[in-house]
Amino acid sequence: MAEFAPAELLSLFQRAQASFTDRVDAVGPGQWDDGALPGWTVADLVAHLVSESLWAPPLLAGEPFDLIDGRFPDETSDLLGDDPLTGWESAADGALAAFAQDRALLHTVHLQRGPTSAAEYLEELTADLTVHSWDLASATDGDTELDPALVTAALVVADRLPADGVRGLFDPPLDVPRTAPPQVRLLGRYGRRS
């Protein structure tokens, strides 16, 4: 269950989107094909978050995963178009508008794993944006310092993950002392070494 009030959750999501937008805007013309994560270029990473954002409005409207699957492009070039920043911002705006609708966070969304509260879904998207902001900055020699409020919110989600990670989604967590700084603990929980 969400550990934040709805207005706070929405504000954190908006901050996470803005943080990611800043890092997309900082990608240099020659960096889009650079490696970001194993098997993903910088462009692939941004396209992943464009895709996640495109899914939010229909999920919040009550459509089940299996009816949405296949609706949006899979190819990075199709998701980003000619201007990756505009592609990202357009998808992000649609997701934010869907979550900002009256009582949206009281809904249940039907994800591939099953019914999930919209508030929990929003927490997960916020955590994903936060961790991937670091990934994008790391891949492009950008600002890897994350917003402390977003790190705190993402740690709430990270603490709910299985102890051995989520196979196929997240690398197994690294052994990071509980006394390490919050950002180091967050990244370690998602298998990243800062």
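Helix H2 (42–60) gives the largest share of the lining of the largest cavity, three residues. Helices here are DSSP runs of H or I with at least four residues, numbered from the N terminus. The model is predicted, with pLDDT of at least 70 needed for local features and 80 or more for side-chain atom pairs, while totals for chains, interfaces and linings use all residues. Residues are numbered from 1 along each chain as its sequence is written, and side-chain values use heavy atoms, without hydrogens and water.

A cavity is a set of points, on a 1 Å grid over the protein atoms alone, where a 1.4 Å probe fits but cannot get out; lining residues have an atom within 4 Å of a point. Two cavities of 30 Å³ or more are present. The largest has a volume of about 50 Å³. Volume means the space filled by probe spheres set on the points, and grid points are joined across faces, edges and corners.

Phe13, Leu49, Glu52, Ser53, Trp88, Leu125 and Leu129 line this largest cavity. Helix H2 and helix H6 (118–139) are the elements that give two or more residues to the lining. By class, five are nonpolar, one is polar and one is charged. Nonpolar covers Ala, Val, Leu, Ile, Met, Phe, Trp, Tyr, Cys and Pro; charged covers Asp, Glu, Lys and Arg; the others, Gly among them, are polar.

The second largest cavity holds about 40 Å³ of space. Its lining includes Phe4, Phe13, Leu122, Glu123 and Val157. Helix H1 (6–25), H6 and helix H7 (148–158) supply at least two residues each. Seven of the lining residues are nonpolar, one is polar and one is charged.

Now to the open spaces. A pocket is an open set of points with protein on both sides within 12 Å along at least five of seven lines. The largest pocket has a volume of about 1,600 Å³. It is lined by 41 residues, of which His48, Glu52, Asp128, Leu169 and Phe170 are the closest to its centre. H6 provides the largest share, eight residues. H2, helix H4 (76–80) and H6 each supply at least two. The lining has 23 nonpolar, seven polar and 11 charged residues.

The second largest pocket has a volume of about 150 Å³. Among its lining residues are Leu155, Asp159, Pro173, Arg178 and Arg189. Helix H8 (residues 182–189) contributes the largest share, three residues. This lining divides into four nonpolar, one polar and five charged residues.
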